[in-house]
Amino acid sequence: MSGVKRKRNVLNVKQKSEILQKLDNGESESSPDAEDVLNEGNTISHSAALQSVESLLDYMGQTAFDYGDITAVRKICVDIRQEMNKQQKQRRITDFLKQ
């Protein structure tokens, strides 16, 4: 795949924050911004997602974001970590069963 470049949507902090707010308000399926990003066919690793969300948390901590918003983003970090642990556990089981 050398030389092949994929088109990636790079969101700025404000766009990420807006999407998170829409998701927090229950607009997950109807959010056109979130749908566009997800439908691009891009996949992102859990660790990259976690790093992005943690960067967003850092930004939110430096600005005047509402405590509830910060708490919602922290919850996303917890969810990502839980999913990472779940997938890691599944890989270990699969690897064990292959032996």
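Arg 81 and Glu 54 form a salt bridge, with their closest N and O atoms 2.5 Å apart. A salt bridge here is a side-chain nitrogen of Lys or Arg within 4 Å of a carboxyl oxygen of Asp or Glu. This pair links distant parts of the chain: Arg 81 sits in helix H4 (residues 67-98), Glu 54 in helix H3 (residues 46-62), and 27 residues separate them. Helices (H or I, at least four residues) and strands (E, at least two) are DSSP runs, numbered from the N terminus.

The model is predicted: local features need pLDDT of at least 70, side-chain atom pairs count only at pLDDT 80 or more, and totals for chains, interfaces and linings use all residues. Residues are numbered from 1 along each chain as its sequence is written, and side-chain values use heavy atoms, with hydrogens and water left out.

How exposed are the two partners? Arg 81 is partly exposed, at a relative accessible area of 37%. Glu 54 is also partly exposed, at 30%. The cut-offs are these: buried means under 20% relative accessible area, exposed means over 50%, and partly exposed lies in between (1.4 Å probe, protein chains only).

The structure holds two salt bridges. In the other, the side chains of Asp 79 and Lys 75 meet, at 2.6 Å from N to O. Both residues lie in helix H4, four residues apart, about one turn of the helix. An α-helix has 3.6 residues a turn, so residues three or four places apart point the same way. Asp 79 is partly exposed, with a relative accessible area of 32%. Lys 75 is partly exposed too, with 48%.

Helix H4 deserves a walk from end to end. It has 32 residues. From its first C-alpha to its last it reaches 47 Å, close to the 46 Å expected at 1.5 Å a residue. That expected span is 1.5 Å times one less than the number of residues. At the start of H4, a side-chain oxygen of Asp 66 reaches to within 2.9 Å of the backbone nitrogen of Gly 68. Further along, which residues of H4 are buried? Ile 70, Val 73, Cys 77 and Ile 80 are among them.

Phe 96 also belongs to H4. Phe 96 is exposed, with a relative accessible area of 60%. Together with Ile 93 and Leu 97, Phe 96 makes a nonpolar surface patch of about 360 Å². Patches are made of residues with over 30% relative accessible area and no salt bridge; like charges are joined within 9 Å, and nonpolar side chains (Val, Leu, Ile, Met, Phe, Trp, Tyr) within 5 Å.

Now turn to helix H1 (residues 13-24), where Val 13 is found. Val 13 is partly exposed, with a relative accessible area of 30%. Leaving aside neighbours within four places in sequence, Val 13 is in contact (heavy atoms within 4.5 Å) with Leu 56 and Tyr 59. The C-alpha atoms of Val 13 and Val 53 are separated by 9.7 Å, though the two residues are 40 apart along the chain.

Last comes the whole protein. There are four helices and zero strands. Along the sequence, the pattern reads α-α-α-α. Of the 99 residues, 15% count as buried. Among contacts between residues at least 6 apart in sequence, 63% join residues at least 24 apart. The protein exposes about 7,900 Å², and carbon and sulfur atoms supply 51% of it. Accessible areas come from the Shrake-Rupley method with a 1.4 Å probe; for residues, only the protein chains shown count as cover.

Methods: A polar contact is a pair of N or O atoms within 3.5 Å; within protein, one must be able to donate a hydrogen and the other to accept it, and residues adjacent in sequence count only if both atoms are side-chain atoms.
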